[in-house]
Amino acid sequence: MDLTTTLFLATDGLTNGAVYTLVGLSLVLVYTTTRVVNIAQGEYVTFGALTLASFIEGTLAPVVYVVGAGGAACLLLDLLRARADGRSPLRPLATYGAAGAVLAALAALAWRVPSPALQMLAALALVAALGPIVYRLTVEPNPGNSTVVLVIIGVGVSMIMHPLALLLWGADPRPVPPISEARLELAGVDVAAQSLFIMAFSLLAALALYLFFRCTLTGKALRAASVNREGAQYCGIPVVMAGRLSYFLAAALSGASGMLLAPLVTAHYEMGFVVGLKGFVGAAMGGLVNYPLSVAGVFIVGVLESFASFLSSSYRDALVFAMVIPILLWRNSRAGADLDEH
């Protein structure tokens, strides 16, 4: 393997790792705030890519109907809760009405106005709205469920969203143009500008999330809600909104990942499943709680996948998923060492 080939594979691996970074960050974000291992996170990648593809084709993205139906179901549940608690129904009506009006306006503009920036914004907003809807319908009714139950819920959501994407968009792949057609030559390796956009956005997102949880009051409140839900509630932290916000941000990150990845692989209903699993492998290196270590893990996964596909494409995915075993053994040994120290 010569130097040019090595640099090319490394660049390709870093691009893959940047895509997996956004999904890995989504998993860490959800787990650190709700203690839920959201197996369905990769499906938001699919919905982000296909929603953008629909707007680019000049059609109304069918996810609008999913968000509308899901939002109506959530509104009904919140109205029933407000009635049971003796609270006024005006607040949930106003909140859902305002959110629905904004999403409807964005979707209508993206459908009628051929602006790439507007189409990406509308697609991102619609996919991000799916996050709190899923949380409200699945996790929020009983957030005290055991980890096993919550994992099973995540698997169930994935099994619903995966065929739903096939039903809404069909099996045919859909092309999505890149942000820029430019190509650069770095150290003798031809690199697409789209790859650089993906890397830059992923690193900025990782830094923003790290600073958000470390330096802002809202981020600290989200962390407090995950550590001790009842204690946070007694301190005045709205733990219900914390869960919805974490799912909203996680869906937005994964949706952005799909929109950035689609120009490189085309948008299709199966694209998010494997991306989600590989993002989980990398995030597991940080124990689903450590942002810097999780980012390093997903980049390692991306580079390993690139070199493995060159050496033996048949075993590429097997080698990547096999990393879960040593990672879990290492995390378990570290946890045991920490217990021995205490």
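**Figure 1. The largest cavity has a volume of about 50 Å³ in this predicted model.** A search of the whole structure finds 1 cavity of 30 Å³ or more. Helix 5 (116–138) and helix 6 (147–169) are the elements that give two or more residues to its lining. Helix 6 contributes the most, with 4 residues.

**Figure 2. Residues lining the largest cavity.** The lining consists of Val-36, Val-37, Asn-38, Val-134, Thr-138, Val-139, Leu-150, Ile-153, Gly-154, Val-157 and Tyr-247. Sorted by class, 8 of the lining residues are nonpolar and 3 are polar, with no charged residues.

**Figure 3. The salt bridge between Arg-244 and Asp-78.** The closest N and O atoms of this pair are 3.2 Å apart. Arg-244 belongs to helix 10 (residues 239–265) and Asp-78 to helix 3 (residues 63–85), so the pair ties together parts that are 166 residues apart in sequence. Both Arg-244 and Asp-78 are buried.

**Figure 4. The salt bridge between Arg-81 and Glu-140.** The side chains meet at 3.1 Å, N to O. Arg-81 is in helix 3 and Glu-140 is in the loop between helix 5 and helix 6, so distant parts of the chain, 59 residues apart, are linked. Glu-140 is buried, with a relative accessible area of 4%, whereas Arg-81 is partly exposed at 28%. Arg-81 and Glu-140 are in a network of salt bridges that also includes Asp-78, Arg-136 and Arg-244.

**Figure 5. The salt bridge between Arg-87 and Asp-85.** Here the side chains meet at 3.4 Å, N to O. Arg-87 is partly exposed, its relative accessible area being 42%. A search of the whole structure finds 8 salt bridges.

Methods. Residues are numbered from 1 along each chain as its sequence is written. This is a predicted model: local features need pLDDT of at least 70, side-chain atom pairs count only at pLDDT 80 or more; totals for chains, interfaces and linings use all residues. Side-chain values use heavy atoms; hydrogens and water are left out. On a 1 Å grid over the protein atoms alone, a cavity is a set of points where a 1.4 Å probe fits but cannot get out, and a pocket is an open set with protein on both sides within 12 Å along at least five of seven lines; lining residues have an atom within 4 Å of a point. Grid points are joined across faces, edges and corners, and a volume is the space filled by probe spheres set on the points. Ala, Val, Leu, Ile, Met, Phe, Trp, Tyr, Cys and Pro count as nonpolar, Asp, Glu, Lys and Arg as charged, and the others, Gly among them, as polar. A salt bridge is a side-chain nitrogen of Lys or Arg within 4 Å of a carboxyl oxygen of Asp or Glu. Buried means under 20% relative accessible area, exposed over 50%, partly exposed in between (1.4 Å probe, protein chains only).
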